[in-house]
Amino acid sequence: MSLSKYSSRFSRFLGAAAAVAGTLLLSGCYWFDGPQSTFDPNGPVARSQMDLFYLTCWVSLFIFVVVGGVLAYAMVKFRARGEADEHAEPPEQSHGNPLVEISLIGASVLALVIIAVPTLAGIWYSFDVPAENKADSYGITATGYQWWFKFDYPGETAQTLDPTGKSMNAPFSVANELVIPSGRPVRINLRTVDVIHSFWIPKLAGKVDMMPNRANHLWLRADQPGYFWGQCAEFCGESHAVMRFRVIALGPKEFNDWVNAQMAPARKVPAGGAGDAKAQFAAYRSFHRNEAGYTGKFDVSPLDAWRAKQSPETGEDPAKIARGRELFAAKTCSSCHTIRGDGFIGVVGPELTHVGARTTIAAGLLENDRDELHRWIHAPNEVKPGNTMWVAGYLANNIKLTPEDEDALVNYLQSLK
Ligand code: HEC
Ligand SMILES: [Cu+2]
């Protein structure tokens, strides 16, 4: 077979490859704005990361075109044109050309410098809240657990009342749905209680590792209110791939309201029928937080699904809810979960004081509705293989639930707005 046959096959292969690449690129436009796409940044940190990515791409593409072009030129120009060429002697060999070699080294160094300078600038920029914005920044601590996230709001340890009416300090934590003020820099301290996790919100910032015995942090800012997806980005065990979370960015006023609602103890549904819209008493706290930068411009936002979850369902069944609360203690759920105001103070699993007001459960994996909640409580191991609730709860404590038990628990948990 002659070389020219190979070269015509080769050019057909090139054509096909170009067609495939083109189709991928075009169809790519459909997933470029998916919920975990870094090509659709919603804040300055993610934007700086994307700019850097593009710069690196362009430099690499330039190198690819130059090197590929020279290669293609040589292949075409010096190819064997017929039978005679195939048996020709190779051309005279030399030891290279100093001018070409030095310019290639120079060009490589230049390309590296073009990439390195903005990379270093980007590393410093994303490391911490810029000095001029420090005063306005909001602090949150995120802790990784196999396989869920806990978020603490250390600035919000306001006074509240304990069940007997005495005043007490009530810090609160939420699980798997991080609510932040939009338009404001947020500094997130990153911790872990077990193995290394990595904190990543593709549209806002990341990835930074959560390391045992090491205090890492990152910062981010959501340009406007929104609902974002996050993900653990470091393999951390068998259910790592479903260790997710959500970020809900709210305007200042709505954020204040949310913090207030979280400070309040668990909502009660009285025996007679529909309960209060929200918890019974507002926590005592001051409202200095947002005074300086307050603006009403963020108060309208597209978070309707999340907002709808904040108010109680219609047709709640007080008897089932009360039964669910009993079972929560009787079945040892309370040994791992805190529900403030109902007397449950477990710390192994996520706090559930306001779990009914969340859009997701099981670390962003399941939608928080009756069916999915039932599915989780019924067999957590089928949803998330090896999870602590199953291994250290259902197996170790021998938790058995009848269909009525599960129904009552679902009613109780959904009432916790
Ligand atoms: C051994 C401790 C333990 C026990 C006992 C336990 N859980 Fe859990 N629970 C956990 C852990 C840990 C998670 C987080 C699992 C994950 O996402 O990986 C969890 C998650 C949940 C969630 C989802 C929370 C979220 O933020 O997404 C609900 C709801 C829940 N548990 C309800 C219950 C109920 C009801 C019972 C009793 C029948 C119970 N748990 C018993 C440890 C426990
Ligand atoms: Cu993880």
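Trp-200 has Gly-206 of β9 as its bridge partner. Strands here are DSSP E runs of at least two residues, helices are H or I runs of at least four, and both are numbered from the N terminus. The model is predicted, so to speak, with cut-offs: local features need pLDDT of at least 70, side-chain atom pairs count only at pLDDT 80 or more, and totals for chains, interfaces and linings use all residues. β8 covers residues 197–201 and runs antiparallel to β9 over five bridges. Two strands count as paired if DSSP finds at least two bridges between them. Three residues separate β8 from β9, and the two form a hairpin.

Now widen the view to the sheet. Five strands make up an open sheet with mixed pairing, in the order β6-β12-β11-β8-β9. β6 (177–181) and β9 (205–210) are the edge strands; each has a single partner, so one side of each lacks a neighbour in the sheet. From one strand to the next, the twist averages 20°; axes are lines fitted to C-alpha atoms, and angles run from 0 to 180 degrees between N-to-C directions. Strands of a sheet pair through backbone hydrogen bonds, either parallel or antiparallel.

Another antiparallel pair is β11 (residues 226–232) with β12 (residues 244–250), joined over six bridges. There, Gln-231 has Arg-244 of β12 as its bridge partner.

Turn to ligand 1. The space it takes is the largest cavity. A cavity is a set of points, on a 1 Å grid over the protein atoms alone, where a 1.4 Å probe fits but cannot get out. A molecule sits in one if more than half of its atoms lie within 2 Å of the grid points. Helices α8 (370–378) and α10 (388–395) are the elements that give two or more residues to the shell around ligand 1. The largest share, five residues, comes from α10.

Which residues are closest to ligand 1? They are Cys-333, Cys-336, His-337, Ala-362 and Met-389, out of 27 that surround it. A residue counts if one of its heavy atoms lies within 4 Å. The shell divides into 18 nonpolar, seven polar and two charged residues. Here Ala, Val, Leu, Ile, Met, Phe, Trp, Tyr, Cys and Pro are nonpolar, Asp, Glu, Lys and Arg are charged, and the others, Gly among them, are polar.

Polar contacts to ligand 1 are pairs of N or O atoms within 3.5 Å. An oxygen atom of ligand 1 is 2.5 Å from a polar backbone atom of Ala-362. A nitrogen atom of the ligand lies 2.8 Å from a side-chain N or O atom of His-337. For Asn-176, a side-chain N or O atom is 3.2 Å from an oxygen atom of ligand 1.

Technical notes:
Residues are numbered from 1 along each chain as its sequence is written. Chains are lettered from A and ligands numbered from 1 in the order in which they are written. Side-chain values use heavy atoms; hydrogens and water are left out. A polar contact is a pair of N or O atoms within 3.5 Å; within protein, one must be able to donate a hydrogen and the other to accept it, and residues adjacent in sequence count only if both atoms are side-chain atoms. On a 1 Å grid over the protein atoms alone, a cavity is a set of points where a 1.4 Å probe fits but cannot get out, and a pocket is an open set with protein on both sides within 12 Å along at least five of seven lines; lining residues have an atom within 4 Å of a point.
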